[in-house]
Amino acid sequence: MAQAERLEVSRTRLPEWLVEGLLRLGESVIALLVGLLVGAIIMYLSGYDAVEAYKSLFGMSLFDSYGLTGTLSFTAPIMLTGITFAVGVRAGLFNIGAEGQLYMGALGAVLVAWLATYKIRLLDSVLGTLFAYTIGVVLALVWAYIAGILKVKRGVHEVVSTIMLNWIAFWIVEYFRVYVVYNPEDPSKTISVPTHARLPLLVPDTELSATIIVSILFSLFVYYLLWYTVTGYELRAAGLNPLAARYAGIKTEKAIMISFLVGGIASGLAGAGEVLGRPPHYAITTGLSNLYGLGFDGITVALIGANHPIGIIFAAILVGALKSGARYMQIYAGVPLEMVRVVEGVIIVALAVPGTLRMLREYLRRRRELAELQKG
Amino acid sequence: MDAHTAWLFTLSTLDAMTPILLTALGEILAERAGIVNIGLEGIIMLGAMVGVMAAEAVHNPLSPLIGLLAGLGIGAAIGLLHAALTAYLKGDHIIPGVGINTLALGLVPFMLIVYWHSAGQHQVYNYARVPRIGGISPVTIFALILAPIMWYILFRTSIGLTIRSVGENPEAADTVGIHVERVQAIATIIGASLAGLAGAFMSLDWLSTLTKEIAAGRGFIALALVVFSDWNPLRALGGAALFGFFDVLREWVKIMPSVKAVVPDTLLNTIPYIVTLAAVAGVLGRVRPPRHVGQPYKRE
């Protein structure tokens, strides 16, 4: 009878998915606040005005129209690298190879820019844009495929393989930057994408290009793939319980490969998009400085967005605001922009505290039940 | 190659293998108890930074020792945090490690600017450098001795049996009265402190500079080495020597005019990472991790 009563009570409350979603949102918000607080303490100890820093950071990145276009242009790549990580987690992987795959994606776009400049003038057009995206995605796919095949065939843990591949990609792209696709007029960067092959700017005289549209569309596509297709179902089943999935006839190896490859496409799009759609360079700069870290930021984005494509869209805007606002924080409050990465790190650690809110809910539920028992 | 050059090459290899060996030994200990820590890269960076800070702050003959201990200490502190999240709160093992790595990636360049007023690198003062014995660092000697000691403890003593049983089968260990969480926490803290020491060795001893990319993937190479070694400290010793050798070979080959003309230095930089990948993928047949590694242990 007690069970029937409990069922009765739960039926009158909010639906479970909404409660679950609100809890995840709560966890993300708390983690964010903890990250900002620790960042503030470090800034205070280093002699900076933390209030001024955050005011300039968020004021400019979210509540200023020019600043907001900057935020969205920072959002575009990390939304995609967030998808890479999240699709991995959904299949039970910790694929942190977005960084290297993004480098390869960018390299693909620059290789096409080189072709368009020196060899095939025809590519200085929309054709070139599409071709650059294609080559970028193909190179990123190759990088994701290596990690996938090592995992499936040799049992190499993806954390180890993807980090090694990230470094190998870094030096390969550096090689191309220095020796092959260098800019003869400016040694600080590679050759730029020619004018007509660039992605159009959404708002003139800003950095915001069509990359943000690509990112949102791909995120929605992954949402559809994961929740409305058989492939997506199998991928998630393999991640939730590989043994049970195999028992149900799902090929977990296939699910793992698909997860790597979808992740590769996302990072390839991110890397190519950075080159094709980011003024003023439309190129790769020295030490890969305009690409470095975009893959790792994706991990933060995915974790804040609870590894859900829709959550990731919003989480990416938030982290994009942090990254974009960091510039204003440096200009107006004098705080080095590396501070933002400290905040990100603390947010992730705080997100690791497992289901604090869930435990709180459990505790409250038990207390309520106890009170009801005592009443009755 | 004459005897002198060979000796120099050996010394360089010993230097290059030390941080990887220390870090891998620590991680072997933690993983034998069932806790994975992928934040090693970040701990190395923070150990390198805090080590220099402490050594320079003291400014006396004991500076190097205090610096090394400070590196050890920051590692232990992060290990404690990791243990609290994983062993006690039963959280995911990977996420806090990712967080520590991200934090270090921001904090080290931040502090280089704020504390040393330098963008990117700080040359460690001479008084803070670890003195050498016949060209060999005392930290290297410690790491070389630690490997067999850790092997002996893990495989020949009851303490080792306790640690391994926690990683293999926490339920069973729990049943016979072993404090699973406590064993995991101690192993994790010692493991992380060795990574911190590895970082302090890099900045105060081997390189005598602190840069924002000081770890350069060594934390992850150490993680690969753990797999490569089959969770065995003695095999880790051999593996670290191999990786150290290739790391030095890369630097030596780079400056050889004959090679320089043919292979660009940027591509030579990929060698240690390719070797690591190949080693983990192919050289070794099947390895068997501790059965319960990386899974939060929850009592029924």
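Pro280(A) sits in the loop between α11 (252-277) and α12 (294-304) of chain A, where helices (H or I, at least four residues) and strands (E, at least two) are DSSP runs numbered from the N terminus. Pro280(A) is joined to Pro279(A) by a cis peptide bond, with omega at about 0°. This is a predicted model, so local features need pLDDT of at least 70 and side-chain atom pairs count only at pLDDT 80 or more, while totals for chains, interfaces and linings use all residues. Residues are numbered from 1 along each chain as its sequence is written, chains are lettered from A and ligands numbered from 1 in the order in which they are written, and side-chain values use heavy atoms, with hydrogens and water left out.

Two other loop residues of chain A have backbone angles worth a look. Asp205(A), in the loop between α7 (158-179) and α8 (211-228), has a positive phi of about 60° although it is not a glycine. Ala306(A), in the loop between α12 and α13 (309-333), has a positive phi of about 55°, and it is not a glycine either. Asp205(A) is exposed, at 73% relative accessible area, whereas Ala306(A) is buried, at 19%; buried means under 20% relative accessible area, exposed over 50%, and partly exposed in between (1.4 Å probe, protein chains only).

On to the rings. Over all chains there are 21 aromatic pairs, counted when ring centres of Phe, Tyr and Trp (its six-membered ring) lie within 6.5 Å, with planes under 30 degrees apart called stacked, over 60 edge-to-face and the rest tilted. One of them is Phe85(A) with Phe94(A), 5.4 Å centre to centre with 65° between the planes, so edge-to-face. Both partners are buried: Phe85(A) at 1% relative accessibility and Phe94(A) at 13%. Ring pairs also link Tyr103(A), Trp167(A), Phe170(A) and Trp171(A) with Tyr273(B) in a cluster. Elsewhere, Arg278(A) lies over the face of Phe74(A), 4.6 Å from the ring centre (the cut-offs are NZ of Lys or CZ of Arg within 6 Å of the centre and within 35 degrees of the ring normal).
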